Amino acid sequence: MMQRIHCPNCGALAERHYHTFLGEVRTQCDACDYLLVTCAKSGRVLESYAPGLAVYKTSQRVQILLTQGTAVLQ
Ligand SMILES: [Zn+2]
């Protein structure tokens with residue numbers, strides 16, 4: 001079963017697939033690479049990927065590396 005929804009990340013048309021045999025609901029957006037897999041029974045998030053969030057995590061990691069670099073220089 002497939003449902004057309006609006007992507008919660010970018011607002012473009014995304015797809016929501018219901019995999020009853022796996023017991024999971026998969027939401028994916030081709031426009032921005034958003035991915036969310038939740039358990040159909042408990043609603044728990046099994047896998048998630050949002051491009052905006054990934055960029056934030058990367059910049060945080062760079063900041064940590066820069067801090068460590070400064071510590072080495074001192
Ligand atoms: Zn999107």
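These are some notes for a colleague meeting this structure for the first time.

1. Ground rules. This is a predicted model, so local features need pLDDT of at least 70 and side-chain atom pairs count only at pLDDT 80 or more, while totals for chains, interfaces and linings use all residues. Residues are numbered from 1 along each chain as its sequence is written.

2. Confidence. The average pLDDT (the predictor's confidence in each residue, from 0 to 100) is 79 for the protein, and 70% of the residues score at least 70. Residues 70-74 have a pLDDT below 50, and beyond near neighbours in sequence this stretch has 0 contacts in the model. Where pLDDT is low, predicted coordinates should not be read in detail.

3. Overall plan. The protein has 1 helix and 5 strands. Helices here are DSSP runs of H or I with at least four residues, strands are DSSP runs of E with at least two, and both are numbered from the N terminus. Going from the N terminus, the order is β-β-β-β-β-α.

4. The sheet. The 5 strands make an open sheet in the order β1-β2-β3-β4-β5, with antiparallel pairing. Two strands are said to pair if DSSP finds at least two bridges between them. At the edges sit β1 and β5 (45-49), each of which pairs on one side only. From one strand to the next, the twist averages 15°; axes are lines fitted to C-alpha atoms, for helices over the stretch in contact, and angles run from 0 to 180 degrees between N-to-C directions.

5. Strand β1 (residues 2-6) and strand β2 (residues 13-19) pair in the antiparallel sense over 5 bridges. Which residue of β2 is the bridge partner of methionine 2? That partner is histidine 17. The hairpin has 6 residues between its strands, and glycine 11 in the turn has a positive phi of about 85°.

6. Burial. How much of the protein counts as buried? The figure is 8% of the 74 residues. A residue is buried if 20 or more other C-beta atoms lie within 10 Å of its own, exposed if 12 or fewer, and partly exposed in between, with C-beta atoms placed from the backbone. Strand β5 is hardly covered either: the count of buried residues among its 5 residues is 0.

7. The core. The largest nonpolar core has 5 residues: Cys7, Ala14, Cys29, Tyr34 and Leu36. A nonpolar core means a set of buried Ala, Val, Leu, Ile, Met, Phe, Trp, Tyr and Cys residues joined through C-beta atoms within 7 Å. Setting aside residues up to four places away in sequence, cysteine 7 touches Ala12, Ala14, Cys29, Ala31, Cys32 and Tyr34. Being in contact means that the C-beta atoms of two residues, placed from the backbone, lie within 7 Å. Across the protein, residues 24 or more positions apart account for 11% of the contacts with a separation of 6 or more.

8. Arginine 16. This residue is found in strand β2. Arginine 16 is partly exposed because 15 other C-beta atoms lie within 10 Å. Its C-alpha atom is 6.3 Å from that of arginine 4, 12 residues apart along the chain. Leaving aside neighbours within four places in sequence, arginine 16 is in contact with Met2, Gln3, Ile5, Val25 and Thr27.

9. Aspartate 33. Have a look at the loop between β3 (24-28) and β4, where aspartate 33 is found. Phi of aspartate 33 is near 70°, a positive value in a residue other than glycine. Most residues other than glycine have a negative phi. Aspartate 33 counts as partly exposed because it has 14 C-beta neighbours inside 10 Å.

10. β4 and β5 pair in the antiparallel sense over 4 bridges, and valine 37 stands opposite glutamate 47 in β5. There are 5 residues between the strands of this hairpin, where glycine 43 takes a positive phi near 80°. Threonine 38 lies in strand β4 (residues 35-39). Is threonine 38 buried or partly exposed? With 16 C-beta neighbours inside 10 Å, threonine 38 counts as partly exposed. Not counting residues up to four places away in sequence, threonine 38 touches Glu24, Val25, Gly43, Arg44, Val45 and Leu46.
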